[in-house]
Amino acid sequence: MKKFLFGLFVTTLMMACQSQEELKLKQYYIDGQALYKTHCENCHQVDGKGLAGLYPPINGSDFLKKNKNRIICGIRNGLSDTIVVNGKTYHQPMPANKQLQGIDVAEITTYIYNEWGGETTITDVKAVKKILDTCEK
Ligand code: HEC
């Protein structure tokens, strides 16, 4: 019986931890979605598919999966190179959002990578701050 109770205790504890992680993910996702609406949706659209020829898709983008650090930097500092997304070349500049804090960038990144990048985890603010410190300005 003692063993059983201990097992139950451990299981409950593990579930509590897991649901805290899940809650945090939900919070990041919801905040990220709101920030996306304000700062990104005009160009990349609500479904993330972009605008033909002008603004690249995030939804279904091959660039997204291969260039996470560059995108994190781009959300804060803008992107002005020529990039190739799904075989198509884009060369319009994407504007910077210098006012965004590390937590905002982390939430936006979590949102777009969970929605369209196949991820099911948080891109944590600590990791994002480290990456932001390495960006070319
Ligand atoms: C004024 C329109 C505009 C806004 C607003 C904008 N972008 Fe972009 N975005 C672009 C353009 C144009 C490119 C291509 C840049 C280049 O060629 O260097 C791009 C590229 C990207 C890419 C890499 C290519 C891809 O589609 O995978 C991602 C990811 C991205 N933007 C996400 C965002 C996010 C997140 C926001 C909001 C914080 C945002 N963009 C705001 C126009 C915009």
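Because it is a prediction, local features need pLDDT of at least 70 and side-chain atom pairs count only at pLDDT 80 or more, while totals for chains, interfaces and linings use all residues. Residues are numbered from 1 along each chain as its sequence is written, and side-chain values use heavy atoms, with hydrogens and water left out.

Let us start at the metal. The iron atom of the ligand is coordinated by His44 through NE2 and by Met94 through SD, at 2.0 to 2.2 Å. Donors here are N, O and S atoms within 2.8 Å of the metal (3.2 Å for Na, K and Ca), and since water is not among the atoms, sites may look incomplete. The iron atom has six donor atoms with angles of 86 to 179° among them, and its site is octahedral; for six donors that label asks for opposite donors over 155 degrees apart and all others between 65 and 115.

Where do His44 and Met94 sit in the chain? His44 lies in helix H2 (residues 41-44) and Met94 in the loop between strand E2 (88-90) and helix H5 (102-115), so the pair ties together parts that are 50 residues apart in sequence. Helices (H or I, at least four residues) and strands (E, at least two) are DSSP runs, numbered from the N terminus. His44 is buried, at 11% relative accessible area, whereas Met94 is partly exposed, at 30%. Buried means under 20% relative accessible area, exposed over 50%, and partly exposed in between, with a 1.4 Å probe and protein chains only.

Now step back to the whole ligand. It has 27 residues around it, and Cys40, Cys43, His44, Asp81 and Met94 come nearest; a residue counts as near if one of its heavy atoms lies within 4 Å. Two or more residues of the shell around the ligand come from each of H2, helix H3 (62-66), helix H4 (68-77) and strand E1 (83-85).

Most residues other than glycine have a negative phi. Gln45, in the loop between H2 and H3, has a positive phi of about 75° although it is not a glycine. Asn86, in the loop between E1 and E2, also has a positive phi, near 50°. Gln45 is partly exposed at 26%, and Asn86 is partly exposed at 41%.

Finally, look at the helices. Lys129 belongs to helix H6 (residues 125-134) and is partly exposed at 49%. Lys129 and Ala106 are 23 residues apart in sequence, with their C-alpha atoms 8.4 Å apart in space.

Key:
Tetrahedral: all angles 85-135°; square planar, octahedral: opposite > 155°, others 65-115°.
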